[in-house]
Amino acid sequence: MGGGAGRPVVLGVDLATAAARVHAVDPADGTVLAEAARPLPAPRTPRPGWVEQDPQYADAARGALAEVCAALGARAADVAALSVTGTSGTVLAADADGRPTGPALLYSDDRGRDLVPAGTGASAGRLLWLAAHTPGARYLHTPDVVVADLTGVLVTDTSHALKAGTDPAARRWPQPLADRLGAALPDLVHPGTPVGTVRDAVAAELGLPRGVVVVAGMTDGCTAQIAAGAVAPGQTIGVLGTTLVLKGVAAAEVDRDGVYSHLAPDGSWWPGGASNTGAGTLTATADLAALDTEALAAGPSPLTCYPLPPPPRQGERFPFRDEQVQAFLVGPGADRAGPVQRHRAELDGVAFTERLGLELLAGLGVASTDHRAVGGGSRSLPWLTVRASTLGRPVSRPATPHSGFGAALLAATALEAGGPAALPEVTARAVHPDVVVDPDPAQVEGLAAGYRRLLDELGRRGLLEHRPLPTPAVPA
């Protein structure tokens, strides 16, 4: 396990849609020692609804790994473990050794939608479509290809396979897939499981020492959660990008419409929900920084807003499900609202959705006493102030919110006496805040009133079945 004399180094390989990225991390304190990326082929759409990609994952990962090892210099000899993360639901056909035999169908590909068996998920339909149209000896997720290339071992972790309808606790594929694909499906392993070591010839080519342990990974959403350090009870994460994703930690699996649960390396469950609201619903498109500052100065909006994408992309998934609901802005003078007034109402509306989602998750056993914010929308300090003031407690923004960083910390559990169960201890050492934003006392009361108005409006429209119990504020 590693050949150097210094502190161990761990690597995280992130297979994003555009590139394979590698982070080299000192897990003792979370220092990023080196990073590199290699581009992946651009996705193509040969037909409407089809989204595929040339599967150059192993080559891109090797290139980025070699560059990181070169950048590490003598510390490359201290590399002890690595893990691979990727997008959820991207699948492909491969030969018996795990080498792709056709294009990867990306998570957004609609092929197989009409083949999805009851009790499974969208990626099950894509797997069945592959079996019917581009048969292979194996059917894999993208990280499996890289793991097979590095180690010669063919496995799939339960996190990447979750949306195929697997039973993560039992490590069992859904029966409809098992009946159809049988031995073409690789064995399932829990995230954090050491699955093998990098083959000697590959290690020599990349500049790695012998015996580097390869640890089963999780989806990029889960490794982003690890990178945020939200892996212990009470810790939650709000990923504010184009949409808003909320995730937390629970002792038991949460099975509710709109909420999905990954089985974590330590045996806990990570439930989460994804809303269609988010930064992608803001109607302003220019000079957002200036608008954010003006909107913060304007104070809480007297208008009631639920921001959603415009038709035909309307609809909501969580914290309630309605495929036809559209964005609304109501209240005195709503039809005359100027850019700053509308922008502030939208910022408030997204923050209210975050609070509503967290309160609904709390009612399902997912407590939130330590909330972390990541995603492009979290770069706005004014918006972070609105979010903290809406929750009535501080919100922290992690310093290194990258999926590859999280994958590296997952790999570090292979070096711990407690194994995967030690993940909370690893993140407590390695994850640090970039900034902690406190509530603005001048805004808390007005935002609380605005949140109550939104709950009333959602109830009046029949969109909210049960009014959530408020989460008690946590002292700063």
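The largest nonpolar core in this predicted model has 46 residues, and those with the most contacts inside it are Leu11, Tyr57, Val68, Leu72, Leu82, Val198 and Leu208. By nonpolar core we mean a set of buried Ala, Val, Leu, Ile, Met, Phe, Trp, Tyr and Cys residues joined through side-chain atoms within 4.5 Å; buried is under 20% relative accessible area, exposed is over 50%, and partly exposed lies in between (1.4 Å probe, protein chains only). The elements giving two or more residues to this core include β1 (9–15), β2 (19–26), α1 (57–72) and α5 (200–206). Helix α1 gives the most, with nine residues. (Helices, H or I with at least four residues, and strands, E with at least two, are DSSP runs numbered from the N terminus.)

Take Leu208: leaving aside neighbours within four places in sequence, it is in contact (heavy atoms within 4.5 Å) with Leu11, Cys69, Val79, Val198 and Ala203. There's also a second, separate core of 38 residues, with Leu246, Leu360, Leu454 and Leu455 among them.

Now for helix α6 (residues 220–227): six of its eight residues are buried, so α6 is largely enclosed by the rest of the structure. One of the buried ones is Cys222, at 0% relative accessibility. After α6 comes Gly229, with a positive phi near 75°.

Cys305 is buried too, at 7% relative accessible area. As for disulfides (cysteine sulfur atoms within 2.5 Å), a search of the whole structure finds zero.

Residues are numbered from 1 along each chain as its sequence is written, and side-chain values use heavy atoms, leaving out hydrogens and water. Local features need pLDDT of at least 70 and side-chain atom pairs count only at pLDDT 80 or more, while totals for chains, interfaces and linings use all residues.
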